[in-house]
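Visitor: I would like a close look at one part of this model. Please take the charged pairs and go through them slowly.

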Amino acid sequence: MKSFSPADLSERDNYKFLIGGIIPRPIAFVTSETSDGVLNGAPFSYFNIVTSNPPMISISVQRQNGIQKDTARNAIEKKEFVVHIVDESNVEAINKTAAALPSNESEVEIAGLTPVESVKVSVPGVKESKIRMECILEQAIPLGKDNEACDLLIGTVVYFHIEDEIYENGRIDANGLKAISRLAGNDYAKIGEMFTIDRPK
């Protein structure tokens with residue numbers, strides 16, 4: 001086994017170890033809105049559950065040269081955003097939203113996604129997602145040396161939207177959702193073979 005100290009590696013090397021080793025990663029497609037009403041959208045794979053009571057999720061938005069990305073800035077200013085689960089049916093369109101665009105251009109529009117009104121927040125979601133979660137910003141935590149590495153957004157889910165075809169008796173059908181996960185580089189993965197192991201009591 002090879003062993004390394006992160007202090008001896010470049011930022012790029014650490015990044016490669018993290019994204020290559022921590023797989024698969026769920027992908028959040030996040031819509032946020034500028035102060036003048038431009039609907040931005042971007043995918044993030046540094047994303048997971050924080051707690052279920054109340055329901056909270058986290059998204060780590062990496063900065064570029066210490067500068068906040070539109071998603072973090074919009075979420076912090078407006079205190080709202082919408083998180084969508086990326087699946088096989090929308091991954092191609094959502095991949096287009098990863099392009100670096102000026103904040104006054106809508107990635108949602110460029111990708112041909114359809115805005116849909118939210119119930120509890122003012123930020124729209126997109127119709128092409130089987131699951132979307134309306135969130136209010138619980139906390140934004142800048143991290144890294146001089147707080148310049150990323151903005152960790154913790155959102156409280158205030159409304160769930162789940163497609164009828166994947167919902168049954170309070171549960172979500174993973175086979176029907178067909179979620180996509182992120183690997184390294186340009187690689188993604190579909191849900192593969194599933195198996196069950198009983199947890200010890």
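Which residue's side chain meets that of Asp 70 in a salt bridge?

Guide: The side chain of Asp 70 meets that of Arg 73 in a salt bridge, at 2.6 Å from N to O. A salt bridge here is a side-chain nitrogen of Lys or Arg within 4 Å of a carboxyl oxygen of Asp or Glu. Before going on, note that this is a predicted model, in which local features need pLDDT of at least 70, side-chain atom pairs count only at pLDDT 80 or more, and totals for chains, interfaces and linings use all residues. Residues are numbered from 1 along each chain as its sequence is written, and side-chain values use heavy atoms, with hydrogens and water left out.

Asp 70 and Arg 73 are 3 residues apart in helix 2, so about one helical turn separates them. Helices (H or I, at least four residues) and strands (E, at least two) are DSSP runs, numbered from the N terminus. Asp 70 is buried, with a relative accessible area of 16%, while Arg 73 counts as partly exposed at 25%. Buried means under 20% relative accessible area, exposed over 50%, and partly exposed in between (1.4 Å probe, protein chains only).

The structure holds 3 salt bridges. Another one joins Glu 33 and Lys 78, whose closest N and O atoms are 2.5 Å apart. Glu 33 lies in strand 2 and Lys 78 in helix 2, so this pair ties together parts that are 45 residues apart in sequence. Glu 33 is buried, at 13% relative accessible area, whereas Lys 78 is partly exposed, at 30%.

There is also a salt bridge between Arg 63 and Asp 151, with 2.8 Å between the closest N and O atoms. Arg 63 sits in the loop between strand 5 and helix 2 and Asp 151 in strand 10, so the pair ties together parts that are 88 residues apart in sequence. Both Arg 63 and Asp 151 are buried.

Strand 10 (residues 150–162) also holds Thr 156. Thr 156 counts as buried, at 10% relative accessibility. Its side chain is joined to that of Glu 138 by a polar contact of 3.2 Å. A polar contact is a pair of N or O atoms within 3.5 Å; within protein, one must be able to donate a hydrogen and the other to accept it, and residues adjacent in sequence count only if both atoms are side-chain atoms.
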